[in-house]
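Work through the following exercises with the sequence and the coordinates at hand, and compare each step with the solution given.

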Amino acid sequence: MPASHPYSPAARTKHPLRPLVAALAAALAAGGLAPAAAQQASPAAATPPDDGKLETITITATKRPQPLQATPIAISVLSGGALEELNLNNLSTITAQTPTVNFRTNASNKDSALFIRGVGTISTSPGVEPTVSTVLDGVVTARPGQATLDLVEVDRIEILRGPQGTLFGKNASAGVINIITKAPGKAREGYLDLSYFQGGEKRVRLGASGELVKDLVRASISGMAGQFDGNVTNVFDGSKVNGYDRSGVRARVDITPAPALKIGLIADYTRSEDTTPTGVAYATDVRSYPTNTVTANPLFGAAVAPVVPGPENRQINSEMLTRVHDTNSGLSAQVDWGLPGHLLTSITASRQWKNTQFQDQDRLATLYRQFNRIADRGDLDFTQFSQELRIASTTKGMFDYVAGLFYLQGDNDEQYRRDVTRCPTSVEPALPSGLVPCTPATTVSDNGVANYGIKSKSASLFGESTIHFAKDLRAIAGLRYTQDELRYYHGRVASAAGVPGVGATRATVEGSTRETAWSGRVGPQWDVMPDTMLYGTLSRGYKGPAYNVFFNMSPTQDNVLAPETSDSVEIGLKTELLGKRLRLNIAAFQTEYDGYQANVPDLVNGVIVTRLINAGKVSTKGVEVDLTARPIPDLTLNVGVANIVARVKSFLCPPGAAASCDINGKPLPFSPDWKASVRAKYVQSLGGKYALDYGVDATWQSKTNFDLAQQPDSVQGEYSIVNASVGFSDSSAGWRVALLVKNVFDKSYATFIQSSGNHINRYVPRDDERYVGMSFRWDF
């Protein structure tokens, strides 16, 4: 294949780290933010002595600042500092630190998804909402793929578990990932963060913030860039894949024109090119469910040679570079206006997401008569506009409350092209393996192009109140009314009839639907004793209607999917013991989902695809434990344990299903029954300004099923991953250098295992093998 061909490995775009650093540094200096030596540093405030107590965590999960321990919601909090030290750079990596969260990876972030308590949405269709809502500085991201952006200048991440529809809306029926970035302070300061890891992975982050106009304007600007060739080898040309090339910038301006008025303006832009392949060969023997019958596929094994399929394989053999070009950008304005006893808040935002993916669906380098060559290209253009207006009480009384209006509009347009090359006949003799090579004279090329899209509108009215019956007894009650409108269009042109993997030509069709729904929660809180609180909640979640709009959409799939609803009961304990040196939070829950929106195998035009349906009822129940402790001032421990049983309760089998429907009682995908994480950090003072710090973090999980249809090979066995670090710092100069070892015991595992019909694929994580790196951070 010529290097100029858009599908060829040589088509990889080179996006460097370089210009970003120079451009950002120039912008900092031009804006007067550069805290270089030329600017006079203010004297450092005296640091109070460390009393060994845990730091009080304030969250905004209830749309108002509130202590974590006083909030009747199961919440995990990850600080930005911890993310930086652990080298966790996007949401897919935080799952190791939060046992109730899991992530589905794929060759395109359009196909990725987050799961909380065993529930998430798996679909490439723009007509279905995520089950886990991602919120960035108060702005809801409407599509799952938008949640894969790199994390820049994060103050903390709040993970709200269970239905959160009362305050966060319709796409939060399993939970919310609430990302809060750092606000600029008064002092002029900056930072530079560099890291380099084995395999040529390199990252840089830098930024500055401070006051521009005294008591009026504060601003910050930060940027990041990262590059990694990958840890999978393409034997076709010797190149590395499964890597990334990303950069981004984020700017924020806070204006305080009056003591009671604050205006926050935020702009962000990230771009990335990922080269995640469409899986690497894991096995050629495929078992069926429920009979466990084995179908051997030696021809695929011969065609993919010299790659040897296996559980630890990190090789592919492909003439095409599978890759994704992605840009995410946004603008938002938040206005907070203090009124007597109240705070009025308006958040206006616009976001845009562009995604172009190239995928090798046959996963082979050579064309044979037995295997068609299938190359896909998809182009996505998505824009959203949102407006939230809310009022919150700020004075203590019998009722504390927040109420508001919310509007979200999304416009999604996509074009998807599939090119199919085959040789129905061949004059070439068969190879000893039985494979029959194709010649140019006997090949036939066809294609299909589909244009489709979704337009959605959602408006809601919400309110929630905390009712104080007594000093130690209160209750929370909230309600949300939502109205959804959803429209779709779809049309496809095929170059010929009967092309494998390409549906027939179809004139453009349209459809629309409208739904209204109520969601909410209610429950008591009881302060059993100082620093100990018991709570219970009944919650109802709602996920809007959906259309299964995709390339091979057929007339039998035009029907609208009904909304998905969830009913949850939760009880919890939040306590601080040993003089606030130990924090223990426990939650027990059970959630029932009805109208569960899920993909199931379906046969379309002779090809097995997935069909999005209302699959019936599922349930998830379990116990979660979060523990943070400082047994001595220099040692901090974080422990998380989750036992979550997520199961199919009553499956509705669709006509023509291409897999067994006997899955009642079986596990939901991407939900291990047990998962635990441990993180420890010990700081050793060397006297004066120098210190050493030692860190170790580990995660363990039981076996995980990746397929709702229970394909027997799509299971990752239990495994554990251990990481370690040692750092050396100078507190007066503000720098720290660290050595990090990832996957200390060199354990190979898969983040996703998938059947492709004639073989099994696995997706290779960054830490599939042990690697070592260095990081350096300077705060100035």
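**Exercise 1.** Does Trp518 count as buried or exposed, and at which relative accessibility?

*Solution.* The model is predicted, so local features need pLDDT of at least 70 and side-chain atom pairs count only at pLDDT 80 or more, whereas totals for chains, interfaces and linings use all residues. Residues are numbered from 1 along each chain as its sequence is written, and side-chain values use heavy atoms, with hydrogens and water left out. Buried means under 20% relative accessible area, exposed over 50%, and partly exposed in between (1.4 Å probe, protein chains only). Trp518, at 51% relative accessibility, therefore counts as exposed.

**Exercise 2.** Classify the ring pair of Tyr481 and Trp518.

*Solution.* Rings of Phe, Tyr and Trp (its six-membered ring) pair if their centres lie within 6.5 Å; planes under 30 degrees apart count as stacked, over 60 as edge-to-face and the rest as tilted. By this rule there are 16 aromatic pairs. For Tyr481 and Trp518 the centres are 4.9 Å apart and the planes stand at 55 degrees, so the pair is tilted. Tyr481, at 29% relative accessibility, is partly exposed.

**Exercise 3.** Classify the ring pair of Tyr682 and Tyr694.

*Solution.* Their ring centres lie 6.3 Å apart with planes at 20 degrees, so this pair is stacked. Tyr682 is partly exposed, with a relative accessible area of 31%, and Tyr694 is likewise partly exposed, at 33%.
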